[in-house]
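Please examine the sequence and the structure shown here before reading on.

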Amino acid sequence: MSAADTAAPPRPAGTGPATPAPPAGTGFRASLRVAHLVHRGTVRTTGILLLLASAVVLGLYLWQRLAPDRERCRGFYRDGFAPDQLDEYRACWEATFGYQEASSWYNLLGGDPGLWFFVPVLLAAVLAAGPLVARELESGTFRLAWTQAETPRRWLTGRLALFAAVAVVTGAVLVGLFRFARTTGEQWPAPWDRVGTFHAIGPVMVAYLLLALAVGVLAGLLLRRVLPAMALAALATGALLALFHRVRMDLWPTKSAEWQFGQPWAAPRDASWTERGLLTSAGERMPQPGNLCTRDWDERHACLRENGYVGQWVEYHPASHLWPLQLVETALVLGVTAVLVLLALRALRRLAL
């Protein structure tokens, strides 16, 4: 028998690169190993990016701590400066690789958390829709996997399990890095209820990464084309983020405070306000008027009294509500994620028929 007779038959045109055959065994572990073989480049890239992010945070932290002018310039920020120290204060800002420059960069990490949350979540949705699912469906390589003792359900669940693990590790590392940067920065951190800060400070970060993964997988199964699936996944994830943002402060009961004009504020300064308004002399709560008494602050109370108002009211979440809100939103996001996974399995079943 010639070598030509024993060669493997040619692969049909248009099927793209073949999915590796499952290792020994046909169970879930084998499917997980196949998923890792196919997508090991993405897994390794994610690990490298997490290492780089850790190195950046640690490097900026050490730069801030070890800057030679740290004590002098930090004193200006903490205690202020006298008029005759203005030149020294300016020198702190003009120094190359000095404390002020390091502190500005480092506090950007803890004070502007959008980078920590929105970029990883949107990337998770886009990558799940395109490279994870739609690429194999568009090229037809999924048929090779399904004919090599791997069922469609195992084909999908192996990929879901692999990238769910990647999402959990990524979310845990990013939360740890953000919390470290936020607590070790030497300027005021961003408020706890700020968009991005709330997400990157606790377990809801991991929940949203899993949600983005489920959205991307479902988009890939429905459209089966890489670019449309990636676009749909990004748009759907953004819409879900906006929806959860609108309902977030209603997930836990608020507290209420009222006070008369001239009295100290009864609500904590670090609270997150949900509603506010004015009190009438009869004790009735009214919404905050938009254009009433928009004059100097010293004259505003007198103007409001002339219009029948005697005080203010506010509904708010104190800082102690951070963790109840986190846990409730995490449970809600994970519930939506489970529904999306079930829909993805149903879409897969229709595709396999």
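The structure holds 1 cavity of 30 Å³ or more. On a 1 Å grid over the protein atoms alone, a cavity is a set of points where a 1.4 Å probe fits but cannot get out, whereas a pocket is an open set with protein on both sides within 12 Å along at least five of seven lines; lining residues have an atom within 4 Å of a point. Grid points are joined across faces, edges and corners, and a volume is the space filled by probe spheres set on the points. The model is predicted: local features need pLDDT of at least 70, side-chain atom pairs count only at pLDDT 80 or more, and totals for chains, interfaces and linings use all residues. Residues are numbered from 1 along each chain as its sequence is written, and side-chain values use heavy atoms, with hydrogens and water left out.

The lining of the largest cavity consists of Trp259, Trp265, Trp273, Arg276, Gly277, Gln312, Trp313 and Val314. Strand S2 (272–280) and strand S4 (309–317) each give two or more residues to this lining.

The two spaces are set out below, by class of lining residue (nonpolar: Ala, Val, Leu, Ile, Met, Phe, Trp, Tyr, Cys and Pro; charged: Asp, Glu, Lys and Arg; polar: the others, Gly among them).

| Space | Volume | Lining by class |
|---|---|---|
| Largest cavity | about 30 Å³ | 5 nonpolar, 2 polar and 1 charged residues |
| Largest pocket | about 760 Å³ | 23 nonpolar, 5 polar and no charged residues |

Among the 28 residues lining the largest pocket, Leu49, Pro120, Leu123, Thr170 and Leu174 are the closest to its centre.

Beyond its neighbours within four places in sequence, Leu221 is in contact with Val133, Leu137, Leu156, Ala344, Ala347, Leu348 and Leu351, contact meaning heavy atoms within 4.5 Å.

The protein chain has a mean pLDDT of 81, and 81% of its residues reach 70 or more; pLDDT is the predictor's confidence in each residue, from 0 to 100. Confidence is highest in helix H10 (residues 204–223), at a mean of 94, and lowest in helix H1 (residues 3–6), at 43. Where pLDDT is low, the predicted coordinates should not be read in detail.

Technical notes. Helices (H or I, at least four residues) and strands (E, at least two) are DSSP runs, numbered from the N terminus.
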